[in-house]
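This report looks at charged side chains and at one helix packing in the model shown below. Please keep the sequence and the structure in view while reading.

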Amino acid sequence: MASDRIFISLFLLLSVLASAPLCLCTGYLYPEFYERSCPKAKEIIKSIVANAVAREPRMAASLLRLHFHDCFVKGCDASILLDSSGSIVSEKRANPNRNSVRGFEVIDAIKLELEKECPQTVSCADILAVAARDSTVLRGGPFWEVPLGRRDSKGASLSGSNQNIPAPNNTFQTILTKFKLQGLNIVDLVALSGSHTIGNARCTSFRQRLYNQTGNSKPDFGLDKSYSAQLRTRCPKSGGDQNLFFLDFVTPTTFDNSYFKNLLIYRGLLNSDEVLVTKSQQSLALVKKYSESNEAFFEQFAKSMIKMGTISPLTGKRGEIRTHCRKVNG
């Protein structure tokens, strides 16, 4: 069984890399990057992530989201981890991230242990990529081999975060355009949206669906009425902005395909979820496919995560290996 899983993981990696655009950069990514320089790296990351998720199951979704929000801005370069300092304005201040992205302390803990084991060797960007995979597996999701060898950026982009990261209230076409700008397609969009099978969203992220969807003081009639009524009990017209709600109310801490099943009965929490079944026949067909087959969802999710994780990496001598993930090397 273990050999079969390794074969499938390598097959997924090779199939994604074979179809990926040529990277005109120095160096390249591969799973065994730290095999000699830091052989315990993956073990250290896995252990700390496992402890964090055991303490707080929600952390799995938070770490997965950190990787996503990092890759959509300047590529997968750990720019999201930088605090404001000197000329750097942190991406943590951006609208999609403020009072929302979390898990930084877990990344700090991983980096601290890795610096003890093998100083200035493992990048913060690679930590994010591996932590996202391990978080997925810990909640019952698919395993994939993570290509490694990314380096860390020396800057951040507040404007990039505000412009490039898909928002809960974006139209379907806007979301798809943001994915295409990263070299991702509609299949990746639907599969990666499946990460909403775990995690939470704040009341402020979907309130308009309950009270004022199109500016006419009426709710989103595409949202199941009983589900909408249930949501309104803890998400009032005003106040309660930070109240948390499960993105998948059926199996909120298990990584599975119930998210897609929820969409088909109009119980997707965010507007960006529901548009997958209401605004595109192609995305609707994919939602149906994944709702009927957990295996099909897992296979494509793994492929799309590998693809997303290789967006514009810094390799070779570009960037740096930060000693502390929150700040560039002095």
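## Asp 241 and Arg 207

In this predicted model, Asp 241 is partly exposed, its relative accessibility being 33%, whereas its salt-bridge partner, Arg 207, counts as buried at 14%. The closest N and O atoms of the two side chains are 2.8 Å apart. Because Asp 241 belongs to the loop between α10 and β2 while Arg 207 is part of helix α9, the pair ties together parts that are 34 residues apart in sequence.

## Other salt bridges

The whole structure contains 14 salt bridges. One of them joins Arg 326 to Asp 83, at 3.7 Å from N to O, and since Arg 326 lies in the segment after α14 and Asp 83 in the loop between α3 and α4, this pair connects parts that are 243 residues apart in sequence. Arg 326 is partly exposed at 27%, as is Asp 83 at 28%, and both residues belong to a salt-bridge network together with Lys 92 and Asp 108.

Within helix α14, Glu 299 and Lys 303 are 4 residues apart, about one helical turn, and their side chains form a salt bridge at 3.7 Å.

## A buried glutamate without a partner

Glu 274, in helix α12, is buried yet has no salt bridge, the nearest side chain of opposite charge being that of Arg 209, 4.0 Å away. Its contacts include Arg 209, Leu 263 and Tyr 266.

## Packing of α3 and α14

Helices α3 and α14 pack at about 45°, with their axes 10 Å apart, which means that α3 is oblique to α14. Among the contacting residues are Leu 64 and Phe 68 of α3, and Phe 301 and Met 305 of α14; by class, the contact has 6 nonpolar, 2 polar and no charged residues.

Note on methods: Residues are numbered from 1 along each chain as its sequence is written. This is a predicted model: local features need pLDDT of at least 70, side-chain atom pairs count only at pLDDT 80 or more; totals for chains, interfaces and linings use all residues. Side-chain values use heavy atoms; hydrogens and water are left out. Helices (H or I, at least four residues) and strands (E, at least two) are DSSP runs, numbered from the N terminus. Buried means under 20% relative accessible area, exposed over 50%, partly exposed in between (1.4 Å probe, protein chains only). Lys and Arg count as positive and Asp and Glu as negative; His and the chain ends are not counted. Contact means heavy atoms within 4.5 Å. Axes are lines fitted to C-alpha atoms, for helices over the stretch in contact, and angles run from 0 to 180 degrees between N-to-C directions. Angles under 35 degrees count as roughly parallel, over 145 as roughly antiparallel, 65 to 115 as roughly perpendicular and the rest as oblique. Ala, Val, Leu, Ile, Met, Phe, Trp, Tyr, Cys and Pro count as nonpolar, Asp, Glu, Lys and Arg as charged, and the others, Gly among them, as polar. Lists of a residue's contacts leave out its neighbours within four places in sequence.
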